[in-house]
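Here is my note on this entry, as numbered points. Please read it with the coordinates open.

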2 protein chains.
Amino acid sequence: MPDPSNSGESLLFLTDENLRKGIEAMFFAYRGFTADPDRILEDMDYGRAHHRAVHFINRSPGTTVGNLLTILGVTKQSLNRVLRTLFDDGLVEARVGKQDKRERHLYLTDKGRSLERALSDAQRARMRAAYRAAGPSAVQGFRTVLEAMMDAEQRRQYQGQNQGSKEGT
Amino acid sequence: MPDPSNSGESLLFLTDENLRKGIEAMFFAYRGFTADPDRILEDMDYGRAHHRAVHFINRSPGTTVGNLLTILGVTKQSLNRVLRTLFDDGLVEARVGKQDKRERHLYLTDKGRSLERALSDAQRARMRAAYRAAGPSAVQGFRTVLEAMMDAEQRRQYQGQNQGSKEGT
DNA sequence: TTGGAATGTCAACAAGGCTGACGTATATTA
DNA sequence: TAATATACGTCAGCCTTGTTGACATTCCAA
């Protein structure tokens, strides 16, 4: 809660001009945000889609294909194309579920972990530089605004790992 | 400058875990950020690329094709495909430069302005809600971190409109 | 046992990136 | 003035990553 006491006083930060600035900040910053991993990826034969898959499999080892579909918000056909190349290249392995044998639980292999490491090192380096330059309280604000910008569904994914449907692994 | 006085004390905000959270926040928030305009666009035959073009032409009326290429960071072939449909549909018009007749200066038509308005209204509404929920100081931090996350080149575009090469219009 | 869920896969398509090559004004410079 | 460089457009072809639709398999649960 942002302090509703100053009604009319400092609502200046809601100016259209300020909002436009925020919009462009998102646009330009997102470019920077993806630039470093993109450079690494284009040397291999991978793209951003592979990065996302690898990231979330690393975050929640043993997650199912269905979970991943929900998080990434793409169709299974699209995800499957990406996963297949990751299987073929030995970066990800799928184990048939013990309880439910229809499910495939996804894990990074050593090779997969090492790619993940390379990608996230690069991305974290930029994030760390930005955090350091901005300072802790700015970071706090950064996270607060981004969180408020998400759809409710995404916010749940972001905050709780996941809660609604199924518990990964 | 973030206050270098607390060395070692509150550097906790630079944790890998915190950075990972920031990374995912960017990912999920960007989805929300583009969701509303995307919904409008898919009803017409346009995509995000059209949105970006329209946005920046609106921001800097009379900007040249070359300027737009720099800002958007795409190839002229890619931009041209988008611009052509915008011309054909009467959303954007190009005027031959007075000083340099090789240049085309881009302007939104009334129709273009009305699409731009619809798109940016939607996007601003979400941004406004996020800003309001987060409060002014969070917004300050949000902008600071995003700015620090940009490449130097993009930061120049973001801050000064543009300075290095050519003055738009 | 039967319906539906979870998954995989084939095929076709579209948007929007990219490269390379070429053409045409127009400007600038030697 | 002639040569070169710039701004822009366009044709052709390629790639990634998204989409829909259809269909098969396996398995859970009522």
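1. In chain B, the axes of H2(B) and helix H3 (residues 65-72) come within 11 Å and cross at roughly 120 degrees. Axes here are lines fitted to C-alpha atoms, for helices over the stretch in contact, and angles run from 0 to 180 degrees between N-to-C directions. H2(B) and H3(B) are therefore oblique to each other. Angles under 35 degrees count as roughly parallel, over 145 as roughly antiparallel, 65 to 115 as roughly perpendicular and the rest as oblique. Their crossing is right-handed. A crossing is right-handed if the near helix is turned clockwise from the far one by less than a right angle, and left-handed if anticlockwise.

2. The residues of this contact are Arg52(B), Ala53(B), Phe56(B), Ile57(B) and Arg59(B) from H2(B), with Leu68(B), Ile71(B) and Leu72(B) from H3(B). Contact means heavy atoms within 4.5 Å. By class, the contact of H2(B) with H3(B) has six nonpolar, no polar and two charged residues. Ala, Val, Leu, Ile, Met, Phe, Trp, Tyr, Cys and Pro count as nonpolar, Asp, Glu, Lys and Arg as charged, and the others, Gly among them, as polar.

3. A word on the basis. This is a predicted model, in which local features need pLDDT of at least 70 and side-chain atom pairs count only at pLDDT 80 or more, while totals for chains, interfaces and linings use all residues. Residues are numbered from 1 along each chain as its sequence is written, chains are lettered from A and ligands numbered from 1 in the order in which they are written, and side-chain values use heavy atoms, with hydrogens and water left out. Helices (H or I, at least four residues) and strands (E, at least two) are DSSP runs, numbered from the N terminus.

4. Now across the chains. Helix H1 (residues 16-43) of chain A and helix H2 (residues 48-59) of chain B have axes that come within 13 Å and cross at roughly 135 degrees. That makes H1(A) oblique to H2(B). The crossing is left-handed. H1(A) brings Arg20(A), Ile23(A), Glu24(A), Phe27(A) and Phe28(A) against Arg52(B), His55(B), Phe56(B) and Arg59(B) of H2(B). The contact of H1(A) with H2(B) divides into four nonpolar, one polar and four charged residues.

5. Within chain A, helix H2 (residues 48-59) and H4(A) pack at about 75 degrees, with their axes 10 Å apart. H2(A) and H4(A) are therefore roughly perpendicular to each other. Ala49(A), His50(A), Ala53(A), Val54(A) and Ile57(A) of H2(A) meet Val82(A), Leu83(A), Thr85(A) and Leu86(A) of H4(A). The class count for the contact of H2(A) with H4(A) is seven nonpolar, two polar and no charged residues.

6. Next, DNA strand C. Of the 26 residues around DNA strand C, Lys76(A), Arg102(A), Arg52(B), Thr75(B) and Arg81(B) come nearest. Being near a strand means having a heavy atom within 4 Å of it. Sugar and phosphate make up 54% of the atoms of DNA strand C that come within 4 Å of the protein. The surface near DNA strand C has three nonpolar, 11 polar and 12 charged residues.

7. Which residue has a polar backbone atom 3.2 Å from a phosphate oxygen of DNA strand C? That residue is Arg48(B). Polar contacts are pairs of N or O atoms within 3.5 Å; within protein, one must be able to donate a hydrogen and the other to accept it, and residues adjacent in sequence count only if both atoms are side-chain atoms. A side-chain N or O atom of Ser78(B) is 3.5 Å from a phosphate oxygen of DNA strand C.

8. Finally, DNA strand D. Of the 26 residues around DNA strand D, Arg52(A), Thr75(A), Arg81(A), Lys76(B) and Arg102(B) come nearest. A polar backbone atom of Arg48(A) is 2.9 Å from a phosphate oxygen of DNA strand D.
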